[in-house]
Every structure is written in C-alpha cells, then in structure tokens.
Amino acid sequence: MIVILRQMLFGITTAALFSAVMLALVRKSALQEVIRLVTGMLMIAALLGPLSGLQMPSIWGWATAWMAQESAVQQQNEGRMWTSFAAAIAQIIEEQAAQAGILCQATVTMAQAEEAVSVGAVEVVSGVLSAENRKALQEIVTRYCGNAVQQHYTEEAGWVNKN
C-alpha cells in the first residue's frame with residue numbers, strides 16, 4: 001500500500017512540475033486552455049495509474065455463482081408452476097366428470113418439448129363405466145388436454161374416490 005502511495009505522490013509531483021513548466025511557456029494564448037486540459041488529464045492518469053496494478057476481489061466469480069444459483073431457483077419455480085398447473089387441470093377434469101355424474105381421480109403430468117411445455121400424459125382412475133360414461137370422460141380429457149396427449153384409463157370394480 002505504501003508503494004502505491006509513493007508511486008501516486010511521485011506521479012502527481014512529476015505531472016504538476018510538467019504542467020507548471022508548460023503553462024509558463026505558453027503565456028495568455030489560446031493554447032493555454034488546451035495545455036491546461038491535457039496536463040489535468042495527465043494528473044488524473046498519474047493518480048490512477050498505480051491503482052491499475054491492484055488485485056481486486058473476483059467479482060466475476062461471485063457473479064457467476066449468483067447467476068447459477070438464480071438459474072437453479074428459476075428452474076425450481078418453473079417446476080412448481082407446471083406441477084401446480086397440472087394439478088389444476090386434473091382438478092378441472094375431476095369436477096367436469098363429477099358434473100357429468102362420473103366419479104374419477106385424474107393425474108396430469110407435464111412434458112417439455114423444445115421450447116414449449118404441454119400436457120404429457122393423463123391417467124384417470126374410476127369405477128367401472130358404461131360405454132356412454134367412458135366416451136364422456138374421454139371427451140372431457142380431450143377438451144382440456146388435447147388429442148395428442150397420452151391418455152390412460154383404469155376402471156376398477158368397487159373403486160371409491162379417495163379425495
């Protein structure tokens with residue numbers, strides 16, 4: 001630290017002497033303002049020059065670690081969001097089926113394809129259904145999840161909704 005202060009003091013003294021000599025040579029002319037500006041910049045350079053050799057703490061390492069942590073938190077939040085979204089779709093399917101007189105339990109999973117997230121699969125468990133109720137349930141799932149989604153239906157005799 002003392003070495004840096006010594007370098008600063010020497011640099012500023014040298015720049016001040018140079019400035020005084022240059023200003024003395026150019027008395028009251030238009031060039032005096034230009035020399036005053038240049039020697040002022042020289043003084044600033046003499047002051048800051050020794051600081052360029054200092055080793056600063058690695059801000060880049062800290063920033064990289066923070067960005068990685070930020071990315072991990074963002075991925076967790078997105079995962080929670082899609083899980084909540086899947087649960088909401090499952091609840092809507094169950095409610096719509098209940099309005100149609102069909103008791104069932106739906107499980108929806110999300111799938112990520114390139115840049116989009118969509119419903120990946122729907123699994124529906126219910127009691128034994130008539131052909132008409134089975135078709136109505138399939139229509140409800142297709143309405144809220146689309147045709148391309150994988151749909152699995154399980155009918156169990158004596159099934160009771162556990163929700």
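I sort residues by relative accessible area: buried means under 20%, exposed over 50%, and partly exposed in between, with a 1.4 Å probe and protein chains only. With that noted, I began.

**Ground rules.** The model is predicted, so I keep in mind that local features need pLDDT of at least 70 and side-chain atom pairs count only at pLDDT 80 or more, while totals for chains, interfaces and linings use all residues. Residues are numbered from 1 along each chain as its sequence is written, and side-chain values use heavy atoms, with hydrogens and water left out.

**Entry 1, Asn133.** I looked up Asn133 and found it in helix 4 (residues 131-145); helices here are DSSP runs of H or I with at least four residues, strands are runs of E with at least two, and both are numbered from the N terminus. Asn133 counts as partly exposed because its relative accessibility is 24%. I then checked Asn133 against Ala46: the two are 87 residues apart along the chain, and their C-alpha atoms are separated by 87 Å.

I counted four helices and three strands, in the order α-α-α-β-β-α-β. The radius of gyration is 37 Å, whereas a compact globule of 163 residues would have one near 15 Å; the radius is taken over C-alpha atoms, and the globule rule is 2.2 Å times the number of residues to the power 0.38. Along the principal axes, the C-alpha atoms fill a box of roughly 110 × 40 × 25 Å. I also noted that 22% of the 163 residues are buried.

At what angle do helix 1 and helix 2 pack? Helix 1 (residues 2-25) and helix 2 (residues 31-48) meet at about 170 degrees, with axes 8 Å apart. The axes are lines fitted to C-alpha atoms over the stretch in contact, and angles run from 0 to 180 degrees between N-to-C directions. The pair is therefore roughly antiparallel, a label for angles over 145 degrees. Contact means heavy atoms within 4.5 Å; helix 1 contributes residues including Met8, Ile12, Phe18 and Leu23, and among those from helix 2 are Gln32, Ile35, Leu42 and Leu47. I sorted the contact residues into 12 nonpolar, four polar and one charged; nonpolar covers Ala, Val, Leu, Ile, Met, Phe, Trp, Tyr, Cys and Pro, charged covers Asp, Glu, Lys and Arg, and the others, Gly among them, are polar.

Leaving aside residues up to four places away in sequence, Gln32 touches Leu23 and Val26.

Conventions
Parallel < 35°, antiparallel > 145°, perpendicular 65-115°, else oblique.
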